[in-house]
Amino acid sequence: MVVNSLRNNNNKSPQGHADKSRASASQGMTHQQRLREEARRRQQSQFVAHAAKQNQNRKEQKVYKKDTPRPAQVHKKDVTHPPHKVGSVAPVQNTHNKPKKNNGPRPQGQKSSRPPRAGGNRRRMGGTPKEILVGENGKRGPQKSKVLAIGQKTLRIIPIGGQEEVGRNMTVFEYGNDIVIIDIGMQFPEEDMPGIDYIIPNISYLKGKEKNIRGVIFTHGHLDHIGAAPIILDQLGHPPIIARDLTLALLKRKMEDYQPGGADRLKIIRVGSLDQKIRLGEFVAEFFDVDHSIMDAMGISLSSPAGTVLHLGDWTISHDPLSIERISYEKLADKTRPTILMLESLGAIHKGPPMSEKKVQKNLEDIISNAPGRVVIGTFSSQVKRVGYILNYAERIGKKVVLDGYSMRTNIEVAKELGYIHAKKETVIPINDIHKYPDNKVVVICTGAQGEANAVLSRIVNDAHRFITLKRQDTIVFSSSVIPGNERSIQRLKDNLYRKCDNVIHKDIMDIHVGGHSTAEDIKEVINQIKPDYFLPVYANHFFLKESAKLAYKVGIPEKNTFVLDNGHVLEVEVGKTPHILKHKVDTSYVFIDGIGVGDVGQIVLRDRQMLAGDGMFVITVLIDGKTKEIVGNMHITSRGFIYVKENFDVVNETKRRVRDAVKKTTSKSTSIDWRLVEKSIRETVGQFLFEKTQRRPMVLPVVIEV
Ligand SMILES: [Zn+2]
């Protein structure tokens, strides 16, 4: 599947980050810096928080410089909260029951072009990323796993991620002293995680067991399966990685994006033929074809003395395959028993009959050949196969193709290099040559059909694209599904496109998109073909997994043989016994990536950001004479995202008066100052006052300095 998709509402748009058309504006930046810059620009909703934070940083520096106090006398806390707010902010926990907003199916999510970056920067900055994890109970610091050591002749299956979300897919398989991992994906942040770029799997369970890791197998090259690899492989000491060519090529790109030269560190075992068997300690891995929206997707049969795991990665059943024979999974029914089927279940609630990719193709061909002007097709960059055939068709009828959007260009470039997409050199033209061809000879394939601010399609419609200005006779095609949560931005985008163009075509008008995932019927069919002993729905939010389990019951899998696991659950399989889930989970709490930090943003920082984004901040700088305990000079008040100080003299003056009172009440000429008490008093007094005045609860930061 394709988490590659970002939801717009968290303003982390994935696509088209470093488009050529912006290149000039960001000259002199490294690729990584440019990506970061783009990501930042998108975080409009978090702007307040960031502005406030930065301002606070500047403020601090200023205070230090101007007053040059002895360091010990600066009493300023990093994190201070007004008295009432704390309970109102949801703590960051990774509990499976937590409803995840807008985290529904992203059936054909677009590929994010945002690679884990930071490695390069990190080096330059000379720092090592800090590992501050948010523990399962919201406590900071890595938690000790209560999971006991593995018994003999026991197979453990531990999903580290991907069981409660779409993304950060990673599953650990352990038998004796051997560990095999399938997929290391990334997840995009939720709405309530301002400033977070993405989330990676938590590998606490593997700490100390790195030497046991015999290999990491990647099912395919979408970001929710490979996106966190550059960071995690590094942390695991670079165990061998196993994948097919396109996946490997995309992984190498990811590694290089993260850190120049990073790809050299990969220890690669290439799956050149599906007949290959790879021994990984006590495990033996075999592979089989699966149908998905990207080439080289494969399923894995991982046998151990305790049983055979069958994992399809992301899959669909093509009911009218374009190029290859329809895939059957029946041969998997012959594997050594017991067999444990791990089935990606995003399609579990897709009840209707499957759509036809052939029909989609035919419709797209009609649109492209009959278009009176240019054709602009917005789609997911993860749809490598579809982009490939659009390219071929355009070439056949003598049209030129422009690829726009970083992820779009990268994916197609890599697929072309490997020969998965054949196109003549002159078919794909650079975007700045677009004006050299008549309008009806040009097809633009771009990212941004989810309405992501600043992605290509949004820039085109907002007249912010350097090379493309819409004309009435242009044809716009949305060849993608709506990712839940993006409805509003897509609607806005459509409205704007309808204003500018006469020909806007989307799914409601014509079949122009079919996802890379299965339907409920397909799930039942695959279970019937494979006839597994045990069934584990995987790689989707909890409700999909439950729905998938129900489908399994319908085709005869007993409930006791079906396991809907959460992240961190440990399923133990022993010969002759029914598998069971251990009482204790392994720690799978979020590890956030923000800028150059890996895991150094924890619950407290996040709560501050939520608070800042909600009601802003209010900084009060007070100088107190160390001898007289009197306030010296003018109190300085700064506010960001709360009120505009210059227009609110009354509030500001009253605040100052109350601060004076608070200082008076908590200090005495004869005793030394209790800084904590003074600060607490200011914070509470001011917090209370501001709430009474405004019904808002900004973060109140008292900066008390002794002079
Ligand atoms: Zn996928």
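Reader: What stands opposite phenylalanine 288 in E11?

Author: Glycine 299 does. This is a predicted model, by the way.

Reader: How many bridges join E10 to E11, and which way do the strands run?

Author: Six bridges. Strand E10 covers residues 283-289, strand E11 covers residues 298-304, and they run antiparallel.

Reader: What sheet is that part of, and what's the strand order?

Author: An open sheet of six strands, ordered E9-E10-E11-E12-E13-E19. The pairing is mixed.

Reader: Which strands stand at the edges?

Author: Strand E9 (277-280) and strand E19 (534-538). Each has a single partner strand, so one side of each is left without a neighbour in the sheet.

Reader: How are neighbouring strands turned against each other?

Author: By 20° on average, direction ignored.

Reader: Let's move to E13. Is it buried or exposed?

Author: Mostly covered: six of its six residues are buried. Thr339, Leu341 and Leu343 point one way, while Ile340, Met342 and Glu344 point the other way.

Reader: Why two ways?

Author: Because side chains in a regular strand alternate between the two faces of the sheet.

Reader: And how does E12 pair with E13?

Author: They run parallel, joined by four bridges. Histidine 311 has methionine 342 of E13 as its bridge partner.

Reader: What about E13 and E19?

Author: Parallel again, over five bridges. Here leucine 341 is partnered with phenylalanine 535 in E19.

Reader: Which helix lies across these strands?

Author: Helix H13, residues 520-530. H13 lies across E12 (307-311), E13 (339-344) and E19, and runs at about 160° to E13.

Reader: At what angle does H13 pack with H14?

Author: About 50°, with the axes 9 Å apart. H14 spans residues 542-554. That angle makes H13 oblique to H14.

Reader: Right-handed or left-handed crossing?

Author: H13 passes H14 in a right-handed crossing.

Reader: Which residues make the contact?

Author: From H13, Ala520, Ile523, Lys524 and Ile527. From H14, Ser548, Leu551, Ala552 and Lys554. By class, that contact has five nonpolar, one polar and two charged residues.

Reader: Now the whole chain. How many helices and strands?

Author: The protein chain has 17 helices and 26 strands.

Reader: How much of it counts as buried?

Author: 52% of the 707 residues.

Reader: And what share of contacts comes from residues 24 or more positions apart?

Author: They account for 79% of the chain's contacts with a separation of 6 or more.

Note on methods. Residues numbered from 1 in each chain as written. Predicted model: local features only at pLDDT ≥ 70, side-chain atom pairs only at ≥ 80, totals over all residues. Pairing = 2+ DSSP bridges. Helix = DSSP H or I, 4+ residues; strand = E, 2+ residues; numbered from the N terminus. Axes fitted to C-alpha atoms, helices over the stretch in contact; angles between N-to-C directions. Contact = placed C-beta atoms within 7 Å. Parallel < 35°, antiparallel > 145°, perpendicular 65-115°, else oblique. Left-handed = near helix turned anticlockwise from the far one by under 90°. Nonpolar A, V, L, I, M, F, W, Y, C, P; charged D, E, K, R; others polar. Buried ≥ 20, exposed ≤ 12 C-beta atoms within 10 Å, placed from the backbone.
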